[in-house]
Amino acid sequence: MKHLFLIFSIVSSSVFAVRLRVGDARERFDVNIKKLSLMSDIEKKIILATLKVNNKKSNSIGTAIVLKKEGQNFYFITNNHVIKNQDECDKVILTALDRDYSRTNLKCDKIIETKAKSDNLDYTIFTIKNSDKVSEIFSDRIVEIADKDPAPGELFITAGFGSKSFNERKFDISLSNDSDCKMLAGPIDLTIQDYKMNNTIALGCDVSSGDSGSGVFSRQTGKLVAIFFGAAKISRKNKELTSAEIEQNIGDNNYVRNWSASSWATQLTNLNP
């Protein structure tokens, strides 16, 4: 495939919110405790495995997922542009739901691994210092990375803090699972402006500022397949993808608008973060 030089926005929060709506379907709703109790087991686990990242260093927000436990430590994944280094980690407040579905705040402890622009990737793995409280909250919330690559057309669920503001007193999460939230194309090594992002898949999921680091989950299995890192910019010349256009071009890596009018995520199934 020829390199595509695309105009994009990373989807962490900024002064000017970034919002991308893909396809005709519109279903992104805020989750409250009453709604949580009515959700499917897969939707509920996704919500409970997701944390709000309040970065005091950059005065921005993002999203993180509880990824695994090794020894006594719980490991979490987000984007590198959400938490870049240990200095930022030290200034991050993580907001989650406890066992009673009440908001609780936790501290980022250590950066374990980070992949940035120079690595053609965008993720950070960090720990929260273990305690009885942390163990109680996350012991049964660890997500499972899918053991096979997603296929174009596969339906997804995403959850994140898009369009929200820096506020460690709120767990103001939103969930997306409309009929357009699916894999459009990829994976490819996508050229974006002056650098590449490896292992990129194009999605029809609606995203907003604050969704960076959001998990992309299979709607059928609930397994984690990717994490968001960015979105194309929509304009008069680059209009939204329609649902009909999505269906007509599913799986076509060479259809430019699968990339220039979509949201993007790093596929994790073969990365082993």
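Mentor: Gladly, and let us begin with a term: two strands count as paired if DSSP finds at least two bridges between them. Please also keep in mind that this is a predicted model.

Trainee: With that term in hand, how many bridges join strand E12 to E13?

Mentor: E12 covers residues 183-192 and E13 covers residues 195-203. The two strands run antiparallel. The number of bridges that join them is 6.

Trainee: Which residue stands opposite Thr-200 in E13?

Mentor: Thr-200 has its place in strand E13. Among the residues that Thr-200 touches are Gly-186, Pro-187, Ile-188 and Leu-190. The one that stands opposite Thr-200 is Ile-188.

Trainee: Which residue takes a positive phi in the hairpin of E12 and E13?

Mentor: In this hairpin, 2 residues lie between the strands. The positive phi is near 55°, and the residue that takes it is Gln-193.

Trainee: Is Thr-200 buried or exposed?

Mentor: Residues under 20% relative accessible area count as buried. Thr-200 has 0% relative accessibility, so Thr-200 counts as buried.

Trainee: What about E13 as a whole: how many of its residues are buried?

Mentor: E13 has 9 residues. The strand is largely enclosed by the rest of the structure, because the buried ones number 7.

Trainee: How many of the residues of E17 are buried?

Mentor: E17 covers residues 263-267. The strand is largely enclosed by the rest of the structure, because its buried residues number 5 of the 5.

Trainee: Let us turn to a loop. Is Lys-239 buried or exposed?

Mentor: Lys-239 lies in the loop between E16 and helix H5. Leaving aside residues up to four places away in sequence, Lys-239 touches Ile-234, Arg-257 and Ala-261. Its relative accessibility is 56%, so Lys-239 counts as exposed.

Trainee: What is the relative accessible area of Tyr-101?

Mentor: Tyr-101 is in the loop between E7 and strand E8. Tyr-101 has a positive phi of about 65° although it is not a glycine. Tyr-101 is partly exposed, with a relative accessible area of 25%.

Trainee: Which residues of helix H2 are buried?

Mentor: H2 runs over residues 41-48. Its buried residues pack against several elements, including helix H1, strand E4 and strand E7. Those buried residues are Glu-43, Ile-46, Ile-47 and Leu-48.

Trainee: Stepping back, how many helices and strands are in the chain, and what is its radius of gyration?

Mentor: The chain has 6 helices and 17 strands. For 273 residues the globule rule gives 19 Å, and the value for the chain is close to that, so the chain is as compact as a globular protein of that length. The radius of gyration is 17 Å.

Trainee: Lastly, what percentage of the contacts with a separation of 6 or more comes from residues 24 or more positions apart?

Mentor: The C-alpha trace spans about 50 × 40 × 35 Å along its principal axes. Of the 273 residues, 56% count as buried. For the contacts you ask about, the share is 73%.

How values were computed:
Residues numbered from 1 in each chain as written. Predicted model: local features only at pLDDT ≥ 70, side-chain atom pairs only at ≥ 80, totals over all residues. Heavy atoms only, no water. Buried < 20%, exposed > 50% of the residue type's maximum accessible area, 1.4 Å probe, protein only. Helix = DSSP H or I, 4+ residues; strand = E, 2+ residues; numbered from the N terminus. Rg over C-alpha atoms; globule rule 2.2 N^0.38 Å. Contact = heavy atoms within 4.5 Å.
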